[in-house]
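Thanks for asking me to look this one over.

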Amino acid sequence: MKNCTIAPLGEEHILEIARLEAVCFSSPRPEEALRAELANDTAVFFTALCEGAVAGYAGMHCILDECDIDNIAVFPAYRRQGIAGALLDALEDYARAHGASFLTLEVRVSNMPAIRLYRGKGYQEVGARPNYYNKPREDALLLTKYL
Ligand SMILES: CC(C)(COP(=O)(O)OP(=O)(O)OC[C@H]1O[C@@H](n2cnc3c(N)ncnc32)[C@H](O)[C@@H]1OP(=O)(O)O)[C@@H](O)C(=O)NCCC(=O)NCCS
């Protein structure tokens with residue numbers, strides 16, 4: 001996280017985050033869908049900026065006392081520096097400050113980097129969702145962290 005900061009997602013980050021989505025996912029979220037989050041009252045999105053450049057992003061939706069983490073991604077060149085961990089901390093701090101009682105998320109069963117990241121932050125497996133993902137079809141693990 002040297003020379004990196006966490007900031008709220010803004011319009012000026014959208015193009016770069018659409019590029020990040022395309023680098024990281026087989027079904028990337030398009031630019032318009034990302035832009036729509038800026039106007040969504042339940043959405044909380046942060047970006048990690050390293051010397052001004054977008055290095056990663058993460059977002060969730062909070063309804064009542066539940067926050068559902070949508071996504072987290074870091075450009076390959078910036079991985080293993082604690083950026084995803086810092087983004088998760090920012091989401092958790094927001095959730096706690098706004099009275100949420102738990103955070104929840106889905107992850108591909110084969111995604112060991114992400115599963116290790118979440119376990120390291122205290123998320124626990126509470127179930128599975130068969131065939132939750134496409135491209136390739138795969139089950140999801142459902143993880144939860146109580147605040
Ligand atoms: C998963 C991802 C977000 C992690 O980002 P990151 O900034 O590299 O993660 P961090 O540096 O904060 O890592 C924190 C911990 O997670 C675990 N971890 C992260 N990447 C790992 C890897 N490739 N292999 C094993 N453990 C890993 C480690 O425990 C790590 O701590 P350590 O570096 O002290 O060992 C990143 O690999 C990524 O963007 N992947 C593609 C998108 C994706 O799969 N997102 C998750 C969707 S649910």
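**Notes on the model**

1. Helices (H or I, at least four residues) and strands (E, at least two) are DSSP runs, numbered from the N terminus. Phi of Asn-3 is near 60 degrees, which is positive although the residue is not glycine. Most residues other than glycine have a negative phi, and most peptide bonds are trans.

2. A word on conventions. This is a predicted model, in which local features need pLDDT of at least 70 and side-chain atom pairs count only at pLDDT 80 or more, while totals for chains, interfaces and linings use all residues. Residues are numbered from 1 along each chain as its sequence is written, and side-chain values use heavy atoms, with hydrogens and water left out.

3. Which residues are closest to the ligand? They are Ile-72, Val-74, Arg-80, Gly-82 and Asn-111, out of 20 residues that surround it (a heavy atom within 4 Å). By type, the shell divides into 12 nonpolar, four polar and four charged residues. Here Ala, Val, Leu, Ile, Met, Phe, Trp, Tyr, Cys and Pro count as nonpolar, Asp, Glu, Lys and Arg as charged, and the others, Gly among them, as polar.

4. A polar side-chain atom of Asn-111 is 2.7 Å from a ligand oxygen. Polar backbone atoms take part too: one of Gly-82 lies 2.8 Å from an oxygen atom of the ligand, and one of Ala-84 lies 3.0 Å from an oxygen atom of the ligand. The protein covers 74% of the 920 Å² of accessible area that the ligand has on its own (Shrake-Rupley method, 1.4 Å probe).

5. Which elements give two or more residues to the shell around the ligand? They are strand E4 (66–74), helix H3 (83–97), strand E5 (102–108) and helix H4 (112–120). H4 provides the largest share, five residues.

6. E4 also has strand partners, where pairing needs at least two DSSP bridges. Strand E3 (residues 53–63) runs antiparallel to E4, and eight bridges join them; Ala-58 stands opposite Ile-72 in E4. Two residues separate these strands in their hairpin, where Leu-64 has a positive phi near 55 degrees. E4 and E5 run parallel and are joined by three bridges, with Glu-66 opposite Phe-102 in E5.

7. Please also check the turn between strands E6 and E7. Strand E6 (residues 124–133) and strand E7 (residues 138–146) are antiparallel, with six bridges, and Glu-125 has Leu-143 in E7 as its bridge partner. Their hairpin has four residues between the strands, and Lys-135 in the turn has a positive phi of about 50 degrees. Is the peptide bond from Lys-135 to Pro-136 cis or trans? This bond is cis, with omega near -5 degrees, and Pro-136 is found in the loop between E6 and E7.

How values were computed. A polar contact is a pair of N or O atoms within 3.5 Å; within protein, one must be able to donate a hydrogen and the other to accept it, and residues adjacent in sequence count only if both atoms are side-chain atoms.
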